[in-house]
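Please open the model in your viewer and keep the selection tool at hand. The stops below follow in order.

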Amino acid sequence: MKKFLKLTTLFFAILFVLALALDLLITHRLHQLKSSPFANWNDIYQTEIQSDVLIMGSSRAYVQISPQILDSVLHINSYNLGANGRTVETQIAKYKVFRQHQKKPKLILYEVHAGTLQPGNNFDRIQFTPYLYDSYLWDLVHEQEGFNWADRFIPCWRYLDYQQTIKNIMLAKSPYKDPKEFVYKGFISYDRKWDGSKLAKQKSITWCHDTACIRMFDTFLSQCKRENIPVILIMAPYYIEATKKVKGMADMRKMYEQMGQKYDFPLLDYTYDELCMDTAYFYNANHLNRTGTKLFCNKLARDLDSLGVGR
């Protein structure tokens with residue numbers, strides 16, 4: 001019996017060591033990636049970003065507001081903290097982790113839209129896995145993302161749901177699907193052709209304004225005001241046919257405008273900009289392509305300049 005227990009203990013000890021070694025190898029590889037969805041988190045934890053202007057929002061910030069263009073026009077140092085596919089819960093959680101490791105920004109540009117104030121989802125949940133050992137991040141995300149104690153303490157457990165993805169990353173010579181699609185200061189742009197198939201199937205688009213999410217966003221704006229961090233709210237271009245399908249579009253704009261006015265934060269609205277009228281500038285109803293992004297960001301930079309940004 002004693003021999004059996006010794007052999008069993010030895011077996012599990014060896015298994016644990018092997019799992020730990022594999023876990024460390026996978027985690028190290030993910031820490032090196034400069035591609036989505038890991039680039040932002042790796043920058044936050046591993047580099048001194050040193051940006052005075054922080055860009056926040058969902059993918060509509062992530063792929064549409066270029067630090068390179070804003071920096072060159074306004075002579076600022078900006079960084080895009082956009083949370084691809086994520087709503088206000090993750091956007092603010094990401095900001096909180098950013099503040100734990102980086103300096104306080106002097107200005108925040110926050111892109112808002114019909115999906116900002118809705119409960120979160122688990123899109124690209126894998127992005128958190130390399131840093132679950134961070135107690136602060138863990139406290140912020142483990143409940144909403146559905147992580148449990150095993151994900152944090154058992155080697156490799158948190159990677160089990162992503163075996164094929166991890167295998168592809170570990171074996172890939174390059175993490176990029178397209179060499180032209182790289183992340184720069186948290187930003188990525190896509191040179192894709194228009195696809196309106198999803199929009200065609202939508203009879204209407206719901207403007208979600210969850211009470212808890214509204215409260216969370218208001219608290220965030222209030223905190224920025226107390227810390228003397230100005231916020232400029234931005235409604236980036238939608239393709240016009242999508243805008244027409246949004247229920248309560250005027251009410252949505254009014255709500256964001258009022259939330260900004262409460263703290264003396266302006267709203268820049270590009271919902272009916274001339275870019276919105278032509279699919280040549282979009283790859284889907286919600287996102288500008290590379291050409292549209294360049295035009296929009298130059299226009300945004302001029303408007304920010306008129307508000308005194310960069311002076």
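Select Asn228 to begin: Asn228 is exposed, at 64% relative accessible area (exposed means over 50%, buried under 20% and partly exposed in between, with a 1.4 Å probe and protein chains only). The model is predicted, so local features need pLDDT of at least 70 and side-chain atom pairs count only at pLDDT 80 or more, while totals for chains, interfaces and linings use all residues. Residues are numbered from 1 along each chain as its sequence is written, and side-chain values use heavy atoms, leaving out hydrogens and water.

Asn228 sits in the loop between helix H10 (211-226) and strand E4 (231-235) (helices, H or I of at least four residues, and strands, E of at least two, are DSSP runs numbered from the N terminus). Although not a glycine, Asn228 has a positive phi of about 60 degrees.

Now select Pro37, in the loop between H1 and helix H2 (39-46). The peptide bond from Ser36 to Pro37 is cis, with omega near 5 degrees.

Finally, turn to Ile108. Leaving aside neighbours within four places in sequence, Ile108 is in contact (heavy atoms within 4.5 Å) with residues including Leu54, Tyr95, Phe220 and Ile232.
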